[in-house]
Amino acid sequence: MRRIETMHVTRRDSLALGLGAAALAALPLRAQTADANIEAAVLDFTGDAELKEGGVTLTAPEIAENGNTVPIKVEAPGASEILVLAAGNPNPEVGRFAFGPLAASQYASTRIRLAQTQDVIAIAKLGDGSFARTSQEVKVTIGGCGG
Amino acid sequence: MADGVKPRVRVPDEAKAGEVIQIKTLISHPMESGQRRDDDGNLIPRSIINRFTVEFEGESVIDVAMEPAISSNPYFEFEATVPSSGSFVFTWYDDDGDVYTEEKTVTVA
């Protein structure tokens, strides 16, 4: 009788431990994958060049009630291209804006989907070939990816 | 072709030579992200517009590479220089191979 009880406790303990460990392992793994995706997207765009502050502005709401349609504006005077990333989306890439010779200014507005509260990142390739980065956190009340 | 795709663009009819004009574009399209599931739990396949370009008489104004994170009915606003009378050509490229175009003529007085 006592033996069985001991076994029971042990099994339950180990089960709880196992579940806890699985949950712990899953969390950082997901974060790591997202980070790796962002890093890959940035690397693809910048070729590992240094990212400086200033030269690119990102306008986005502080709080977005509906993550399905969040208005954003990116601007970088003299830039040839601006890359927009959403760090907390299943796929961080949002869009890449290339400005031609007849673009009167290097700005664009659009509406994007944000799955959850997260940082939106804009990286611009400036006229001199250098890269500038900025980011802003957008708090999302209702996420815009699932159903 | 995705159902009911309809492009709309707003461009002034007239401009001065070299004038900066604002352009707004909208195209009705579901931009199915490939992340959503139907009622039976099956993943709905991705079907989006993946590129949008604007040219004036063959010269580029803007060229946008679009990902599923662009909202449904993609909207863009930007500025262009009008060097002379001519036409803006707007082109949207769908995942399914379809191409939607719209043309707007601007007269320089």
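Trainee: How many residues does the contact take from chain A and from chain B?
Mentor: The contact takes 29 residues from chain A and 31 residues from chain B, where contact means heavy atoms within 4.5 Å. Please note that this is a predicted model, in which local features need pLDDT of at least 70, side-chain atom pairs count only at pLDDT 80 or more, and totals for chains, interfaces and linings use all residues. Residues are numbered from 1 along each chain as its sequence is written, chains are lettered from A and ligands numbered from 1 in the order in which they are written, and side-chain values use heavy atoms, with hydrogens and water left out.

Trainee: What area do chain A and chain B bury between them?
Mentor: About 2400 Å², with 51% of it on carbon and sulfur atoms. Buried area is the accessible area (1.4 Å probe) that two parts lose on being put together, summed over both.

Trainee: Which element of chain A gives the most to the side that touches chain B?
Mentor: Strand 6 of chain A does, with 7 residues. Strands here are DSSP runs of E with at least two residues, numbered from the N terminus.

Trainee: How does strand 6 of chain A pair with strand 5 of chain B?
Mentor: They pair in the antiparallel sense over 5 bridges; two strands pair if DSSP finds at least two bridges between them. Within this pairing, B:Ile62 is the bridge partner of A:Phe99.

Trainee: Where does A:Pro101 lie?
Mentor: A:Pro101 is in the loop between strand 6 and strand 7 of chain A.

Trainee: Is A:Pro101 buried or exposed?
Mentor: A:Pro101 is exposed, because its relative accessible area is 60%. Buried means under 20% relative accessible area, exposed over 50%, and partly exposed in between (1.4 Å probe, protein chains only).

Trainee: Which residues does A:Pro101 touch?
Mentor: Leaving out residues up to four places away in sequence, A:Pro101 touches B:Glu59 and B:Ser60.

Trainee: A change of topic: which side chains of strand 1 of chain B are buried?
Mentor: B:Pro7 and B:Val9, which point to one face, are buried.

Definitions and conventions: Helix = DSSP H or I, 4+ residues; strand = E, 2+ residues; numbered from the N terminus.
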